[in-house]
Amino acid sequence: MTCENARIQTPDDLLMDQLCQNLAEQGWGVLCDFFSPLLIKDLRNEVINHAGSTGLTQAGVGRGLDYMVDPSIRSDQTRWLSAETAAQSLYLEQMEHLRLGINRRLFLGLTYFESHFALYEPGTFYAKHKDSFRGAANRVLSTVSYLNPDWKDEDGGQLILFDPESGAETTRIKPEAGTLAVFLSEEIEHEVLMSHVQRFSIAGWFRVDHQLCG
Ligand code: OGA
Ligand code: MN
């Protein structure tokens, strides 16, 4: 007998299963080669073009009245994604697929995804921080998609995740093109080591509220 609702497990389902199991058990997960090299190349070229035409803004820290630019804490430059190009649309579609897959497996009720390109020029970094604070209840899952091919250890720029209980380093993620890192925004402290080459990425957040405007 076959069930009406039987579904074939695709490689995509299995990847999503693995990611969600890791998120549930340890609060973070990493998928290599999650995005196609072609999409990554288009997205990388967009950041490169914006960098050459002041399309990026110096990133700040804090929220509302506490917001300020402080290069001793973070020194990347950013630009919000908005489906203004085919590559951004495709990226956002894939993240929407991920949102639905995560909700189906972990019942997180994620409602909305926001993301920005980030450029770390040589010599820049992002000191240890969390992306969301308990009580703010908006950013639930942080994502980082990397856009540099052939990253070398000596290029620096690794993402370090820390254990919420012991504070010890749990893992060091190489910012290699196609890799997607996902972690709990309220739980996981993390740090971007100084990069020695131009480092391109897209940082994003799945939220449980809605886009305010725009
Ligand atoms: C961030 C962040 C990590 C990375 O933008 O908040 O922590 O690896 N980024 O770029
Ligand atoms: Mn962060």
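A pocket here is an open set of points on a 1 Å grid, each with protein on both sides within 12 Å along at least five of seven lines. With that in mind, let's walk through this predicted model.

**Stop 1: the largest pocket.** Begin with the largest pocket, which holds about 900 Å³ of space. To find its middle, select Gly60, Arg74, Tyr126, Arg139 and Trp205: of the 41 lining residues, these are the closest to the centre.

Next, colour the strands around it. Those that give two or more residues to the lining are E2 (57–58), E3 (77–80), E4 (112–120), E5 (126–129), E6 (139–146), E10 (190–192) and E11 (199–207).

**Stop 2: Phe107.** Move to the loop between helix H3 (86–106) and strand E4, where Phe107 sits. What is the phi of Phe107 near? It is near 55 degrees, a positive value in a residue other than glycine.

**Stop 3: Asp150.** Finally, select the loop between strand E6 and strand E7 (159–162), and pick out Asp150. Here too the backbone has a positive value, with the phi of Asp150 near 55 degrees. Is Asp150 buried or exposed? At 59% relative accessibility, Asp150 is exposed.

Terms used. Residues are numbered from 1 along each chain as its sequence is written. Chains are lettered from A and ligands numbered from 1 in the order in which they are written. This is a predicted model: local features need pLDDT of at least 70, side-chain atom pairs count only at pLDDT 80 or more; totals for chains, interfaces and linings use all residues. Side-chain values use heavy atoms; hydrogens and water are left out. On a 1 Å grid over the protein atoms alone, a cavity is a set of points where a 1.4 Å probe fits but cannot get out, and a pocket is an open set with protein on both sides within 12 Å along at least five of seven lines; lining residues have an atom within 4 Å of a point. Grid points are joined across faces, edges and corners, and a volume is the space filled by probe spheres set on the points. Helices (H or I, at least four residues) and strands (E, at least two) are DSSP runs, numbered from the N terminus. Buried means under 20% relative accessible area, exposed over 50%, partly exposed in between (1.4 Å probe, protein chains only).
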